[in-house]
Amino acid sequence: MNTHDPSYKLLFSHPQMVRDLLLGFIDEAWVAELDLDTLEQVSGSYVSDDLRDREDDILWRVRF
C-alpha cells in the first residue's frame, strides 16, 4: 500500500471536501447540474471475476 493512501482516503471521505474539489477544480458546465446535496459515499468492496476480494478507493454517487 502506498504510504500516502490512508491520508488521501481520509481527505476524500468527507462530502464537503469532495464538493469543494468538484466546484473549485472542474471548470465544466455539467458540474453546475450536479445535485451536490445528494453526494453519497458507496462501497468500493467487491469480488472480482476470479473470485478475489477487492477494495477500491473511495467512491461517490451524486444525482445529475
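**Entry 1: the overall layout**

I read along the sequence and found that the protein chain follows the pattern α-α-β-β-β-β. That is two helices and four strands. Helices here are DSSP runs of H or I with at least four residues, strands are runs of E with at least two, and both are numbered from the N terminus.

A note to myself on the source: this is a predicted model, where local features need pLDDT of at least 70 and side-chain atom pairs count only at pLDDT 80 or more, while totals for chains, interfaces and linings use all residues. Residues are numbered from 1 along each chain as its sequence is written, and side-chain values use heavy atoms, with hydrogens and water left out.

**Entry 2: surface and contacts overall**

I looked up how much of the chain is covered. Of the 64 residues in the protein chain, 16% are buried. Buried means under 20% relative accessible area, exposed means over 50%, and partly exposed is in between, with a 1.4 Å probe and protein chains only.

The accessible surface of the chain comes to about 5400 Å², and carbon and sulfur atoms account for 53% of that. These areas come from the Shrake-Rupley method with a 1.4 Å probe, and for residues only the protein chains shown count as cover.

I also checked the contacts, meaning heavy atoms within 4.5 Å. Among those between residues at least 6 apart in sequence, 38% join residues at least 24 apart.

**Entry 3: Leu-22 in helix 2**

I picked Leu-22, which lies in helix 2. Is Leu-22 buried or exposed? Leu-22 counts as buried, because its relative accessibility is 17%.

Which residues is Leu-22 in contact with, leaving aside neighbours within four places in sequence? I found Val-31, Leu-34 and Leu-36. For Leu-34, I noted that its C-alpha atom is separated by 9.7 Å from that of Leu-22, with the two residues twelve apart along the chain.

**Entry 4: a nonpolar patch**

Phe-25, Ile-26, Trp-30 and Phe-64 make a nonpolar surface patch of about 490 Å². Patches are made of residues with over 30% relative accessible area and no salt bridge; like charges are joined within 9 Å, and nonpolar side chains (Val, Leu, Ile, Met, Phe, Trp, Tyr) within 5 Å.

I looked up two of the members. Phe-25 has its place in helix 2 and is exposed, with a relative accessible area of 68%. Trp-30 lies in the loop between helix 2 (15–25) and strand 1 (35–42), and at 40% relative accessible area Trp-30 is partly exposed. I then compared positions: Trp-30 and Phe-64 are 34 residues apart in sequence, while their C-alpha atoms are 8.3 Å apart in space.

**Entry 5: salt bridges**

How many salt bridges does a search of the whole structure find? I got two. A salt bridge is a side-chain nitrogen of Lys or Arg within 4 Å of a carboxyl oxygen of Asp or Glu.

One is between the side chains of Arg-19 and Asp-37, at 3.5 Å from N to O. Arg-19 lies in helix 2 and Asp-37 in strand 1, so the pair ties together parts that are 18 residues apart in sequence. Arg-19 is partly exposed at 25% relative accessible area, whereas Asp-37 is exposed at 68%.

Glu-40 forms a salt bridge with Arg-61, and their closest N and O atoms are 3.4 Å apart. This pair links distant parts of the chain, with Glu-40 in strand 1 and Arg-61 in strand 4 (residues 59–63), 21 residues apart. Glu-40 is partly exposed at 39% relative accessible area, and Arg-61 is partly exposed at 48%.

**Entry 6: Thr-38 in strand 1**

Thr-38 lies in strand 1 and counts as buried at 18% relative accessibility. Not counting residues up to four places away in sequence, Thr-38 touches Arg-61, Val-62 and Arg-63.

Tyr-8 is partly exposed at 48% relative accessible area, and Phe-12 counts as partly exposed at 31%.
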